[in-house]
Amino acid sequence: MESDPETGLDIGSKAPDFTLQGYDGEAISLNAIDKPVMLNFWASWCPPCKAEMPHMKNFYEKNKDEVEIVAVNMMHQESSEQDMMKFYKEYGLNFPVPIDEDGMVSTTYQVVSIPTSYFIDSEGIIVSKYTGPMTETSISETFKRIK
């Protein structure tokens, strides 16, 4: 008989759940998502985040029926809410963007440098972690290993 994996940040651990309010005002809970997830942490001033976002957006447009991208904005690291809103609109983000106002989720996920992405399977298990900007190809390849 297999026991449930413990919650943690290691590969094979259950990803810590959280609920944050999204940019659109909707609450976003990690445990409520029933498909593979790219959990991404970013801020609007971060050049590698700016480089990565178009790749995430393009990948999501093509694959949103099979996977989810949750791009957590680290509001506690932003210079202003207006900067984040401008970034969101400028990049035309088409996936959920929860706002980590006080940094609790970023702290829970031990985000030290950004962008940082966790890839989580449909059962909520961490399959991969990537620090630094990803391309559409690298996002696609990482999701292929999950399915």
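Me: What is the radius of gyration taken over, and what is the globule rule?
Reply: The radius of gyration is taken over C-alpha atoms. The globule rule is 2.2 Å times the number of residues to the power 0.38. The model here is a predicted one.

Me: What makes the radius of gyration of the protein chain agree with a compact globule?
Reply: Set the value against the rule. For 147 residues, a compact globule would have a radius of gyration near 15 Å, and the protein chain has 14 Å, so the two agree. Along the principal axes, the C-alpha atoms fill a box of roughly 50 × 30 × 25 Å.

Me: Which elements make up the protein chain, and in what order?
Reply: The protein chain has 4 helices and 6 strands. From the N terminus on, they run β-β-β-α-β-α-α-β-β-α.

Me: Why are β4 and β6 called edge strands?
Reply: Look at the open sheet of 4 strands, with the order β4-β3-β5-β6 and mixed pairing. Its edge strands are β4 (68-73) and β6 (126-131), and each pairs on one side only. On average, neighbouring strands of this sheet are turned by 15° against each other, direction ignored.

Me: How do you know that β3 and β4 pair?
Reply: Two strands pair if DSSP finds at least two bridges between them. Strand β3 (residues 37-42) is joined to β4 by 6 bridges, and the two run parallel. N40 has A71 in β4 as its bridge partner.

Me: Which strands does helix α1 touch?
Reply: Helix α1 (residues 47-63) packs on the sheet and touches β3, β4 and β5 (116-120). The direction of α1 makes about 155° with that of β3.

Me: How do you know that C46 and C49 form a disulfide?
Reply: Check the distance between their sulfur atoms. It is 2.4 Å. A disulfide needs cysteine sulfur atoms within 2.5 Å, so C46 and C49 qualify. A search of the whole structure finds 1 disulfide.

Me: Why is the disulfide of C46 and C49 called right-handed?
Reply: The torsion about its S-S bond is about 80°, so the disulfide is right-handed.

Me: What makes C46 and C49 count as buried?
Reply: Buried means under 20% relative accessible area. C46 has 2% relative accessibility, so C46 counts as buried. C49 has a relative accessible area of 0%, so C49 is buried too.

Me: How many of the residues in the protein chain are buried, as a percentage?
Reply: Buried residues make up 48% of the 147 residues. The protein chain exposes about 7,700 Å², and carbon and sulfur atoms supply 47% of that area.

Technical notes:
Residues numbered from 1 in each chain as written. Predicted model: local features only at pLDDT ≥ 70, side-chain atom pairs only at ≥ 80, totals over all residues. Heavy atoms only, no water. Axes fitted to C-alpha atoms, helices over the stretch in contact; angles between N-to-C directions. Contact = heavy atoms within 4.5 Å. Buried < 20%, exposed > 50% of the residue type's maximum accessible area, 1.4 Å probe, protein only. Areas by Shrake-Rupley, 256 points an atom, 1.4 Å probe, with all protein chains shown as cover.
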